[in-house]
Amino acid sequence: MKTKSFLSTASLALVIAAFSAGAQAQIAVGHLEDRSGGTSDVGTPYGQAVADTFAWVNKNGGVGGKQLNVDTNDYGYQVPRAIALYKKWSAPDSKVAAIMGWGTADTEALTGFLAQDKIPDMSGSYAAALTDPEGVSGKAKPAPYNFFYGPSYSDSLRAMLIWAAEDWKAKGKSGKPKFVHMGANHPYPNAPKAAGEAMAQELGFEVLPPLVFALAPGDYSAQCLSLKSSGANYAYLGNTAASNISVMKACKTAGVEIQFMGNVWGMDENAAKTAGDAANGVIFPLRTAVSWGGDAPGMKTVMEISKMSDPTGKVYRPVHYIAAVCSALYMREALDWAAKNGGATGENVRKGFYQKKDWVPAGMEGVCNPSTWTEKDHRGTLKVDLYRTKITGATDGDLNDLMAKGAIKLEKVKTVELPRKAELLGW
């Protein structure tokens, strides 16, 4: 009996040792995605791209010779669930090296904890409050461990307002153009509201009272009638595509003549397909230099990554998918730097983000826009590429075919290079 007990104990010890060695041979990463909540229309392709990218990284040797152990969770865009997952990821016995985050409300709720626990978070939220690592602006708490790829919501809206002011003059209009902010009363649509309204006033717009509509699709005829009676000329749609589509369709039915400007999550190829001619002419920012199938060396890498979940290579990937590939590959390279410089700890991963200027991940040339993060400024880029949707025919059918035939087009209209003003950091 004693011998049997000894062997059992020894076997258990070997199992524990093997498990421990396996864990040490991996780098833990937390991944929040929304496939079932209020932003799942755009969260699904973004989350899929993060998962595909890390699977591709592991297939090609991992990071520093170690596999990434990615814990992916659909949190349904619910802040309490995000906080519960964070408690798991920040526990001493299961602490992750980094997090691929998602929404504005949950990311802002976690900002202080990320700083305290020294865990970098590359989020899908582009709230300007996340760009001030030292909190010098006084507009938000310090966010030293928050990162995102692309211009902030505020900077994108500033760029669209610059375009709108030029558009008003180019059309020979007289008087002040009228601007209105539209969206849910929620941290995400509200994130750029103050910055946008201040910029609009500076540019000579008349700023109208904001119009509220929910994040979920619905009947927004009342909002469109209010929009029509207000005489607004330019409207910012702050929600994700699903509810924006409802607004665009309702406003077309109501005969509202207005220039819609969508936030970065407010328009994409799928939204254009669903909205049809109601989406024609919408202005919105694009985070990458090209869209799916674009003429760029790095598109080959994107298509290889896409095959991790679509071996046929036939699925059309919207702009959010490509932006997520860029985001995940920036994280991969920060993790790799950390692994080679003291180990993949959160502190070292954060330092990894500061190692390059005008940085494009390897193999993504011509796809990801160059980005630079510093210890004092997490605005990775102030370059905003503005595009216009163009609908030239019926939009029912396969998206690949619609894009190939030109029934749906994304046309570049302007690149705005915003100045790096210290006073605009954090808002």
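This is a predicted model: local features need pLDDT of at least 70, side-chain atom pairs count only at pLDDT 80 or more; totals for chains, interfaces and linings use all residues.
**Exercise 1. Describe the surroundings of T389: which strand holds T389, and which residues does T389 touch?**

Step 1. Go to strand β12, residues 383-391; T389 is found there.

Step 2. Check the accessible area. The relative value for T389 is 0%, so T389 is buried.

Step 3. Follow the side chain. A polar atom of the T389 side chain lies 2.4 Å from the backbone oxygen of A279.

Step 4. Gather the neighbours, leaving out residues up to four places away in sequence. T389 touches M267, A279, N280, G281, V282, F284, K409 and L410.

Step 5. Compare with the record. An unreviewed UniProt entry carries the annotation "domain: Leucine-binding protein" for residues 26-390. That span is 40% helix and 15% strand, and its end C-alpha atoms lie 46 Å apart.

**Exercise 2. Explore the nonpolar cores: which residues touch the most other members of the largest core, and which helix gives the largest share?**

Step 1. The largest nonpolar core has 107 residues. Those touching the most other members are M182, L227, M248, F260, L335, F353 and V367.

Step 2. Helix α12, residues 319-340, supplies the largest share of this core, with 13 residues.

Step 3. Zoom in on F260. Beyond four places in sequence, F260 is in contact with M182, L227, A235, L237, V247, M248, C251, G281, V282 and I283.

Step 4. There is also a second, separate core of 22 residues, and among its members are I162, A200, M261 and L382.

Step 5. Pick up A200 again in helix α7, residues 193-202. In α7, A195, G196, E197, M199 and A200 are buried. The cover over the buried residues of α7 includes α5 (153-170), β6 (178-183) and β7 (206-207). G204, with a positive phi near 95°, follows α7.

**Exercise 3. Sort out some aromatic pairs: how many does the whole structure hold, and is the pair of F147 and F353 stacked or tilted?**

Step 1. A search of the whole structure finds 24 aromatic pairs.

Step 2. Take Y86 and F113. Their centres are 6.3 Å apart with 45° between the planes, and the pair is tilted. Y86 sits in helix α3 (residues 79-90) and F113 in helix α4, 27 residues apart. Y86, at 4% relative accessibility, counts as buried, whereas F113, at 41%, counts as partly exposed.

Step 3. Turn to F147 and F353. The angle between their planes is 15° and the centres are 4.2 Å apart; this pair is stacked. F147 lies in strand β5 (residues 146-147) and F353 in the loop between α13 and β12, so the pair ties together parts 206 residues apart in sequence. Both F147 and F353 are buried.

Step 4. Look for a cluster. Ring pairs link Y46, W102, Y126, F148, Y153, Y188 and W265.

Step 5. R287 lies over the face of W265, 4.4 Å from the ring centre. R158 lies over the face of W427, 5.4 Å from the ring centre.

**Exercise 4. Look at two backbone angles: where are K118 and D358, and what is the phi of K118 and of D358?**

Step 1. Recall the background. Most residues other than glycine have a negative phi.

Step 2. K118 has a positive phi, near 60°. K118 is in the loop between α4 (104-117) and β4 (121-122), and counts as partly exposed at 36% relative accessibility.

Step 3. D358 also has a positive phi, near 50°. D358 lies in the loop between α13 (346-352) and β12, and its relative accessibility of 53% makes it count as exposed.

How values were computed. Residues are numbered from 1 along each chain as its sequence is written. Side-chain values use heavy atoms; hydrogens and water are left out. UniProt positions are given in the numbering used here, feature names are shortened, and annotations may be inferred rather than shown by experiment. Helices (H or I, at least four residues) and strands (E, at least two) are DSSP runs, numbered from the N terminus. Buried means under 20% relative accessible area, exposed over 50%, partly exposed in between (1.4 Å probe, protein chains only). A polar contact is a pair of N or O atoms within 3.5 Å; within protein, one must be able to donate a hydrogen and the other to accept it, and residues adjacent in sequence count only if both atoms are side-chain atoms. Contact means heavy atoms within 4.5 Å. A nonpolar core is a set of buried Ala, Val, Leu, Ile, Met, Phe, Trp, Tyr and Cys residues joined through side-chain atoms within 4.5 Å. Rings of Phe, Tyr and Trp (its six-membered ring) pair if their centres lie within 6.5 Å; planes under 30 degrees apart count as stacked, over 60 as edge-to-face and the rest as tilted. A charge sits over a ring if NZ of Lys or CZ of Arg is within 6 Å of the ring centre and within 35 degrees of the ring normal.
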